[in-house]
Each structure stands twice: as structure tokens, then as C-alpha cells.
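Please look at the sequence and the model first.

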Amino acid sequence: MQFHHHGYVSGNPLVAPAAGTGIDRPADLPDEVDVLIVGSGPAGMLLAAQLSQYPDVTTRIIEKRDGRLVLGQADGIQPRSVETFQAFGFAERIVAEAYNIAYMNFWGPDPENPGEIVRTARTEDYAFKISEFPHLIVNQARVLDYFAEAAANGPARIAPDYGVEFLGLTVHDDGEFPVDVRLRQAGGSSTGSGTGMAGSGTGGRERVVRAKYVVGCDGARSGVREAIGRKHVGAFAAHAWGVMDVLVNTDFPDWRTKCAINAAAGNILLIPREGGYLCRVYVDLGEVAADDDHRVRLTPVEEVIRRANEILHPYALDVKQVAWSSVYEVGHRVTDRFDDGGDGRAPRVFLTGDACHTHSAKAGQGMNVSMQDGFNLGWKLGQVLTGVSPVSLLETYSAERQPVAQQLIDFDREWSALMARKPEEISDPQELATFYLGTAEFPSGFMTQYGRSAIVTDAAPAGLADGFPVGKRFHSVEVTRVSDGNVVHLGHHARADGRWRIYAFADAPAAGEESALADWAEWLASPDSPLTRHTPAGADVDAVFDVKAIYQQRFEDVDLTRVPAVFLPKTGPLALTDWEKVYAAAPDAWRSADAFEERGLSRDGVAVVVRPDQYVAGIFPLADADALADFLAGSFADRHPVPAG
């Protein structure tokens, strides 16, 4: 990581200097805020961590609980989420404490003795087949802890205001702070920075906070969703599951391997947890009668354990402790719209996570998709509130995330149906394993592809950058950093700091020679380039766009003294040269692959534009600078307009 560019740092470099609203942050909720986040779940905490990078934006996050989450229900972390953690600076630490899924095994009835189960398949997990990041299991509470740390360490110093209950809101047609939010102190509050609400000692005092924008991250029973009149569309399936986190002794040989178990007595999804001993067990409770009226949710954990033992026969569980348990009915619902906009009205209130999509827990998608909701929205709010982009940018949130939620519901419905089958309904014992591996790109989080909009271009011509599909997340590739010869992942250098990335993959000539890259670099430094037009006056040249050059040569053949100055910018109050924006793609002593070949990049030179949430926004030939400028002009404000004529 890079630091010292604002002066010598002797302490923790992950703690950014406080700035703007982070300096002397009020202990109590102010009367007016730019963004009020309701709920401190995965989407809410990621959103807070992202907005902490915008210290000129007043952001507060409220939570009805009186403190941090102790035990979370979600635990599956897909590779795309770990990739996101990398951008927030804690991927390595959470991987170290998590359970890494290496295999998924499948069990079914023994053909010779159908009352007992046998292993029918052992499959490698899909993670490392499609990503450099693993597939993890870790307590949701720990994920929230890490995001809370990132939010508290960001320049805006955001910390949850605990013990504050959302009561309702009203959106007015005008005014600088058009959303009136009614709140109540829930009692026994504590926050990372104060009591949350002035006068909280009175207990239950209500007040109104005015906001420019409100984000409902408040779960499946979202009060924010109800307040804006949005509806969950869908229903519960007539099937129930018991789930429990348990510490046991057992003779089941795959207790520390993820397993899907199908037996005459029912089904189990077994997911080992972090720490080497804890395991989560989803136990099939069978069909639910039409007149059950949710009474199945009262099933005692002792009955869940009994059924688990019945399914696992001839193996047995001796449960020593139940850390957590619950019973749920499978539901598949998507909210009709993820904001309060429409009919020509710009959105002021947004929904994320379970507030706008609910489904079963067995596909391990809830927390993962929720976090991507927050990642999608956070930088857009930041850009609009700091004047970098027009308000119309916010309309892309619902347009992009609602189709993703529907895809999730469709996938989860199929996965849940396969998991709940009875043995006599299964003609191919390998079908579930085949489905698990065959659909890996979706649950891994890499299938999402945003369509054409103001911030996503049409698909690039074939052969220009085939390995970076427009609208999909930027698939990192290894390159060699020219300044020091270190092999690094190009995408891992990008932090969740709200900046756009422009990767300029050079044409064949070397640095200093006449080339398309040299011409492009000269244009980039000119008055009519996006770098000049859209960067605020007085800000660092890379404050909005982080531009990197990747040469086709070996790193030792790239002469840094001949690299265009725009790729070696001087930033920070000391105007220090940034040496980490120039890379080499050719194989060398440390790398055997060529990045251009790995990602199908044109040898004539190509610019890859990547949004702050790591999705490819557009692909442009280096020779067509005007197309790049026109595209970015559609979603950025001109800070330095190009003179007419």
C-alpha cells in the first residue's frame, strides 16, 4: 500500500488522517445530514466505509441494536466479496481467520442399503478455477467489524449511532434537505463516537432529522421500504429448514468439508465454520401445510438435532453446544423498485440488501449480493454530493441492481428445489454436483453484467479487450511494477476510494518512442481531456481518475525516464512523484505469462475504464481519445469546460 505522500506516517497507515466531517465529528446526530443510513448490516456498513472516503459529505448510520452484532446469521463469503474486501484493505486478514472451502462433497442413499448414506461425489470448489480469491466461511459479525474499522479509519470517521430506531419518513418536493426522518432513542445506546441522539437520557424521546438522501439497509421487514410504499413481490415456498451452528463430536467423516446430503429421511447442507470446530447445519424439515400459519418456526432445536441424526444415519452427532439456531421458510421476493424515484422524480430514498430482495440462505448469496448493493450505491452518492457527477447518476442504482436481484431469486429457486428433492425424485446422483460446478460463475459473484447506460458503454469490438467484458467486474491480471520489479495484481492496487481507474495498455513501441500511447498521454495532459475537465480545481491530478500505463515489454526494458509525465504524477501537499502507475506485461524472471495474451488485449493499444465499484465501464482504442472523452462527459460535471471553437 502507498502512504507518506502527505508526509511521514509513523503509526498505522490504514488510519487515514481525519478530514472534513471527520474532524471533531459530533457525538450526537445532527439535525441535518447528507446521507442517513438506516441499519448496520452488510450493505449499510459497506456503504458507510465507502462514504467515509468522502469527508465533505455528512454521513450517519443508525442502528436499533444497542451495540455491534455478536452473532450473524449469514456466513458464506463468495470470491467476488473477497475481491471487494481487497479494495477495502482487509482481505488478507479475514482470509486468515476464515474457513476456506476447498471441496464440496455430495452424499446420497446407499444403493445396497437405502436407509444409510454414502459419499457419491467429491468436487473441488469453484473459487480458484475462476478467481485468485477463495470461497470463505466466516461469521457475518466479523465482516461487519472489518467494515466498521474501515469506516472509522476513513477520513470522515464514520461510526454507527447505536440504539436509534427508525420510525418513518416524509419526502418533500423541494428544500436542501427534503427528507424528514422520524427517529426514537431505543434505550441503552452506545456508539463509536457518542450517544447517538441528544437528550437520549430521557429514554424514548422522538426527534426529526432532515436528510438529502436516506438508504434503507434495515432488513426484510424494512421500515424504510414501507415508508416509501415499495412492495415485496413474491411468496414463501411450502418448505421449511432448521439451521444451527453447533459444536459436536461425530463419526461423520466429512464434518470439516462442505457437504450436500440427500437421504430418505431428508436433506442436509453442511457448512464448516471458521475456527476448526464450529459447523453450520441446514436441516430439511419438510413440506409445510397450507394452514400451518408459520407454526413450523416454533420447531425446537432438539427436533432439528433429531432429524439431523436421522438423515446422517449410520453416522451420528453428539451435540455439545448450540451457538445459534433458527427455523425459516424458503421465501423468494424482490421489491418492485429499489428507490422512491419514478414518474420524473429523482430518487431520494434507496433500498439495499434484504430490504429489497429475500431468498433462501443455502446458496450463500444474501450477504454477498447485499454488499454489492452498497458498493454500487456508495460511490454514486459520493460523486453526486461532491458535485463530480449530476444527480441523474443516482437513477442507475435501481436500474442496475434490480435485475441482479431477480437473477439471484431465479438461481436460488432452482438451487433450493434441487436441495429439497426426495431420493425417488433424483434420476442422476451427480445432478446436484454438476449444477454446483456448472453454475459457479453466478454464486461466485462474477456473472453480474450491467447493461448500457450513462456509465456503461456498448460491448467492445471483438479482439480489443476480450478478457475484460464491458459491464462485468474487472478481472485482475498479474503484471510487473516497473519501478521495483515486483509482480503484482493490477486490480489489487485499486482501493475503494471512490476513484475511477483508466488502464492504458500500450501499443508495441517502447517508452519514449513514437506510439499511440505517447499520443494518448499527450492528449490526456491537455485542456480537453477528462483528467483536466472533470478534476476539481486544486485537487490532485489523480483525485478522480487513477491512470496507469501497462507496457508490452519486460519491466527492465521500460525506461522510466522516458515514460510520459502523466503516468508519473506529482501528488499530495509535498508534490511527490507516484512511482506505482507504470507496469510491464511481458513475462520475466518472476512471471511466465503475458498479460496481453491472458486478457485478449489488442497489441495496437487499448484503454480500459473501470468504475469505482470495479466494473468495466468501457473499452476504447488508444487511437480514439474522443470516444473516451465523450463517454465520460456524459456522467461527469465539467470543472474546467473546454472553450467553444
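Ile 77 has Leu 136 as its bridge partner in strand 7. Strand 3 and strand 7 (residues 136-137) pair in the antiparallel sense, over two bridges. Strands pair if DSSP finds at least two bridges between them. Strands (E, at least two residues) and helices (H or I, at least four) are DSSP runs, numbered from the N terminus.

The pairing belongs to an open sheet of three strands, ordered 3-7-4 and antiparallel. Strand 3 (76-77) and strand 4 (99-100) are the edge strands, and each pairs on one side only.

## Basis of the model

This is a predicted model: local features need pLDDT of at least 70, side-chain atom pairs count only at pLDDT 80 or more, and totals for chains, interfaces and linings use all residues. Residues are numbered from 1 along each chain as its sequence is written, and side-chain values use heavy atoms, with hydrogens and water left out.

## Helix 1 against helix 5

Two packed helices are described by the angle between their axes and the distance between the axes. The axes of helix 1 (residues 42-51) and helix 5 (residues 140-153) come within 8 Å and cross at roughly 20 degrees. Axes are lines fitted to C-alpha atoms, for helices over the stretch in contact, and angles run from 0 to 180 degrees between N-to-C directions. Helix 1 and helix 5 are therefore roughly parallel. Angles under 35 degrees count as roughly parallel, over 145 as roughly antiparallel, 65 to 115 as roughly perpendicular and the rest as oblique.

Helix 1 passes helix 5 in a left-handed crossing (the near helix is turned anticlockwise from the far one by less than a right angle; clockwise is right-handed). Pro 42, Met 45, Leu 46, Ala 48 and Ala 49 of helix 1 meet Gln 140, Leu 144, Phe 147, Ala 148, Ala 150 and Ala 151 of helix 5. Contact means heavy atoms within 4.5 Å. By class, this contact has 10 nonpolar, one polar and no charged residues. Ala, Val, Leu, Ile, Met, Phe, Trp, Tyr, Cys and Pro count as nonpolar, Asp, Glu, Lys and Arg as charged, and the others, Gly among them, as polar.

## Helix 2 against helix 8

The axes of helix 2 (residues 79-88) and helix 8 (residues 366-385) come within 10 Å and cross at roughly 40 degrees. That makes helix 2 oblique to helix 8. Their contact has four nonpolar, four polar and one charged residues.
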